[in-house]
Amino acid sequence: MFVPTPCAHEGCPGFAVSGYDRCFSHLTADEQEAFASRIREMLTRQERITDLSLSGMDLSGLPLSGKRLYACNLSGCRLSNTRVEKLLLRLCFLDGSVFEGVTFTGLDTNFCSFAGSRVVGCTVEESDVLTSNFNGSIFEESEFKSCDLYHSRFMLSSLRKVRFYDCNLKRTYFIGALLEEVTFPYSNDEDAYFAPKEETPL
């Protein structure tokens with residue numbers, strides 16, 4: 001498991017990336033270029049990645065399809081306008097990340113945290129997103145299609161124009177979430193929890 005080392009830049013709430021004492025945004029331009037090159041080479045060469053911190057990095061354009069990431073820190077990362085296929089995430093932290101215009105196909109997550117993230121114009125299809133945490137996140141104009149969301153949590157999140165199409169929502173928690181134009185066609189939303197906490201078994 002990676003050690004969550006705070007960024008050494010004064011006042012920064014982020015975490016240091018692997019091999020440095022600062023988060024990606026507080027590296028010098030030369031350091032950012034060298035780090036990004038090293039990560040690209042690693043992802044090109046390896047399918048399985050463990051204990052890596054990419055905190056605050058823009059992941060757009062990196063070869064993420066088909067990769068398996070275990071216990072990695074991707075908090076505060078950004079991913080935009082890309083398609084990612086068959087990405088496996090286990091015990092990974094993506095808190096406070098931003099996803100814009102991304103299509104995930106065959107995404108496989110378990111025990112991952114996306115808390116406080118922003119998801120705009122994204123599609124997640126034919127994916128297993130199990131026991132994952134989206135608490136406090138913002139979703140806009142996005143879709144989950146043919147996904148298993150068993151025991152995942154969207155508590156205190158804001159969801160606007162989001163469609164859950166043909167999804168398994170058994171023990172999925174929306175407690176305290178703001179739902180605006182959210183639809184559940186062909187999904188078992190009757191097995192999800194929308195009630196206040198005191199009325200819902202956790």
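1. The chain exposes about 9800 Å², and carbon and sulfur atoms supply 50% of that. The areas come from the Shrake-Rupley method with a 1.4 Å probe, and for residues only the protein chains shown count as cover. Keep in mind that this is a predicted model, where local features need pLDDT of at least 70 and side-chain atom pairs count only at pLDDT 80 or more, while totals for chains, interfaces and linings use all residues. Residues are numbered from 1 along each chain as its sequence is written, and side-chain values use heavy atoms, with hydrogens and water left out.

2. Now the overall build. The chain has one helix and twelve strands; helices (H or I, at least four residues) and strands (E, at least two) are DSSP runs, numbered from the N terminus.

3. How about overall size? The radius of gyration is 17 Å, which agrees with the value near 17 Å for a compact globule of 202 residues. That radius is taken over C-alpha atoms, and the globule rule is 2.2 Å times the number of residues to the power 0.38. Along the principal axes, the C-alpha atoms fill a box of roughly 50 × 35 × 25 Å.

4. Next, what is inside and what touches what. Buried residues make up 46% of the 202 residues. Here buried means under 20% relative accessible area, exposed means over 50%, and partly exposed is in between (1.4 Å probe, protein chains only). Take the contacts between residues at least 6 apart in sequence: 8% of them join residues at least 24 apart. A contact means heavy atoms within 4.5 Å.

5. On to charges. The chain has 20 positive and 28 negative charges, and their mean positions are 4 Å apart. Lys and Arg count as positive and Asp and Glu as negative, while His and the chain ends are not counted. Each charge is placed at NZ of Lys, CZ of Arg, CG of Asp or CD of Glu.

6. Side chains of opposite charge can pair when their charged atoms come close. How many salt bridges does the structure hold? There are eight, each being a side-chain nitrogen of Lys or Arg within 4 Å of a carboxyl oxygen of Asp or Glu.

7. Have a look at Glu-125 and Arg-83, whose side chains meet in a salt bridge at 3.3 Å, N to O. Glu-125 sits in strand E8 (residues 123-125) and Arg-83 in strand E3 (residues 78-85), so this pair ties together parts that are 42 residues apart in sequence. Glu-125 counts as buried at 18% relative accessibility, whereas Arg-83 is partly exposed at 45%.

8. Asp-108 and Arg-90 form another salt bridge, with their closest N and O atoms 3.1 Å apart. Because Asp-108 lies in strand E6 (residues 108-110) and Arg-90 in strand E4 (residues 88-90), the pair ties together parts 18 residues apart in sequence. Both partners are partly exposed: Asp-108 has a relative accessibility of 22%, and Arg-90 has 23%. Elsewhere, salt bridges that share partners join Asp-21, Arg-22 and Glu-31 into one network. Within that trio, the closest N and O atoms of Arg-22 and Asp-21 are 2.7 Å apart, and Asp-21 is partly exposed at 42%.

9. Let's turn to the loops. Gly-61 is in the loop between strand E1 (48-50) and strand E2 (68-70), and it is partly exposed at 48%. Its C-alpha atom is 28 Å from that of Phe-154, which is 93 residues away along the chain. Arg-153 belongs to the loop between strand E10 (138-145) and strand E11 (158-165) and is partly exposed at 21%.

10. Last, two backbone angles to check. Most residues other than glycine have a negative phi. His-151 is not a glycine, yet has a positive phi of about 60°. Is His-151 buried or exposed? At 19% relative accessibility, His-151 counts as buried, and its place is the loop between E10 and E11. Asp-166 also has a positive phi, of about 55°. That residue lies in the loop between E11 and strand E12 (178-180) and is partly exposed at 39%.
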